[in-house]
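Work through the following exercises with the sequence and the model side by side. Try each task before reading its solution.

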Amino acid sequence: MDDKSLAALLPRIHHMRTNMFITFVLVLALALGLTQTSPAMVNVTETPSRVVVENESVRLAFTAEMDYSPTEFVYKLGSGQHLISDGFILYYQFTENGALTSVNEGTRGRISNGRYRMVKEQDGSVTVEFTCDTPHFHMTHRVTVPPTGSAVKFIYELKCIKEESFSFYLPYAPLSPRFNRLATSIDFIGSNGIKTNRIRTEEVKSPTLNTGSYYGQTDCYYSNETGEGIIFTNLIKQCLAGISQRATPRFKLGSVERSVFVIAPFQGDYKKALASYLNPNNRTKRDIASNSSATVLKRTPDMLIWTDHATRKVFPAETLPAKAPMSQEVSIEAARGEYEPFQIVIRPVKQELSDVKLVTAGLTDDHGHRIAVQNLKWNPIGSLRSSYGEDIPDLLLQKSTVSCQPGQNTVLWVTVKVP
């Protein structure tokens, strides 16, 4: 090859090398980009009797024998050992032919029409859903494994299909005995009725998740030796207490109970793990048990008298709800032979009222029915000082008179016995 031919070929060789280099760099860049942006995955392995769902952090196993409730829960970034020693099992009791009958998930003949399905959500998560019937309610439970992270969501829903008395326990789960410590988020109520959050720790020997507690909030079970633990938190705004609010004497047909919670394993500082789940937005709810039914009986420039139902604790500095209506009477209900209490609250504005007492009289109606004065009792309510320095109204004082301080609530507990 002469010099001219070689000179003509060199630009082409250089151009080819340049193109090869550009192509190599482009392919490498695409490969790196694909590796960096590949979506998180949930892997599912199904057999006729077992389903395994896992991501990079957690692995859960479900078996047909236990009605596709989780029987294995492993944190892959921790010890890799099972977090639970049994499973998430629903348990309930009812009376049949005069005998008390107990039913667990996995008990053939009582839980029927059981069927499961896999649901792949748009965000990449995977849900194992199981529905079935019992003699008293239709049940659905869903367990969702996220595309990434360890927070597994559980939903258990029961719908009453037979109007009858029975008792149930939403799924309980015995934990691994290595979780020997419990850290609990607790709302303490001060003397002014304002809630503050604190963390309490204690030793536990047989740790068990209280998954069915509708009013529970956030717990942390952990090992002080290995640093491995789990967070349990109710998503209270998504829970529904229907069946558990008993209708006397039977549950109402069509009433629904729903328990929604998250379980998140972790490795490391339990305080940081717990703090990350203490989200006030998740815990805020309308507390039916503590919802005020205050009614104003009398309002003057010098004094405020109001009434509330017996299930509330009225604190000394608590203010009257702004929307409390006015009424000249207190209305309560009770069956024959029952005792029914209510509360009267006295709040002076400027001056102390001394030697205050409640004067009772017998009750009669237009039909001649009578509740004698002996059936009406009253006691002032006193407070107990907690170990955290809070005054909790919780005592019925044996006093015939009481002093009412200005700007403070004095509460009288009134009990009516129906003959």
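**Exercise 1. Find which element gives the largest share of the lining of the largest pocket, and describe that lining.**

Solution. The model is a predicted one, in which local features need pLDDT of at least 70 and side-chain atom pairs count only at pLDDT 80 or more, while totals for chains, interfaces and linings use all residues. Residues are numbered from 1 along each chain as its sequence is written, and side-chain values use heavy atoms, with hydrogens and water left out.

Step 1. A pocket is an open set of points on a 1 Å grid over the protein atoms alone, where a 1.4 Å probe fits and protein lies on both sides within 12 Å along at least five of seven lines; its lining residues have an atom within 4 Å of a point. The largest pocket has a volume of about 720 Å³, a volume being the space filled by probe spheres set on the grid points, which are joined across faces, edges and corners.

Step 2. The lining has 26 residues, and those closest to the centre of the pocket are Glu329, Val330, Phe342, Leu363 and Leu376.

Step 3. Two or more lining residues come from each of the strands β20 (339-348) and β27 (410-417), strands being DSSP runs of E with at least two residues, numbered from the N terminus. The largest share, four residues, belongs to β20.

Step 4. By type, the lining divides into 19 nonpolar, three polar and four charged residues. Here Ala, Val, Leu, Ile, Met, Phe, Trp, Tyr, Cys and Pro count as nonpolar, Asp, Glu, Lys and Arg as charged, and the others, Gly among them, as polar.

**Exercise 2. Which residues have the most contacts inside the largest nonpolar core?**

Solution. Step 1. A nonpolar core is a set of buried Ala, Val, Leu, Ile, Met, Phe, Trp, Tyr and Cys residues joined through side-chain atoms within 4.5 Å, where buried means under 20% relative accessible area, exposed over 50% and partly exposed in between, with a 1.4 Å probe and protein chains only.

Step 2. The largest core has 46 residues, and Leu60, Phe73, Phe88, Phe154, Phe166, Leu209 and Ile263 have the most contacts inside it. Strand β10 (residues 152-160) supplies the largest share of this core, five residues.

Step 3. Apart from this core lies another, of 13 residues, including Phe342, Ile344, Ile371 and Val402.

Step 4. Taking contact as heavy atoms within 4.5 Å, and leaving aside neighbours within four places in sequence, one finds Leu60 in contact with residues including Val51, Phe73, Val143 and Phe154.

**Exercise 3. Why is the pair of Tyr68 and Tyr116 stacked?**

Solution. Step 1. Rings of Phe, Tyr and Trp (its six-membered ring) pair if their centres lie within 6.5 Å, and planes under 30 degrees apart count as stacked, over 60 as edge-to-face and the rest as tilted. The structure holds nine aromatic pairs.

Step 2. The ring centres of Tyr68 and Tyr116 are 4.0 Å apart and the planes are at 20 degrees, so this pair is stacked.

Step 3. The pair links distant parts of the chain, since Tyr68 is in the loop between β3 (58-63) and β4 (70-75) and Tyr116 is in strand β7 (residues 112-120), 48 residues apart.

Step 4. Tyr68 is buried, with a relative accessible area of 7%, whereas Tyr116 is partly exposed, at 26%.
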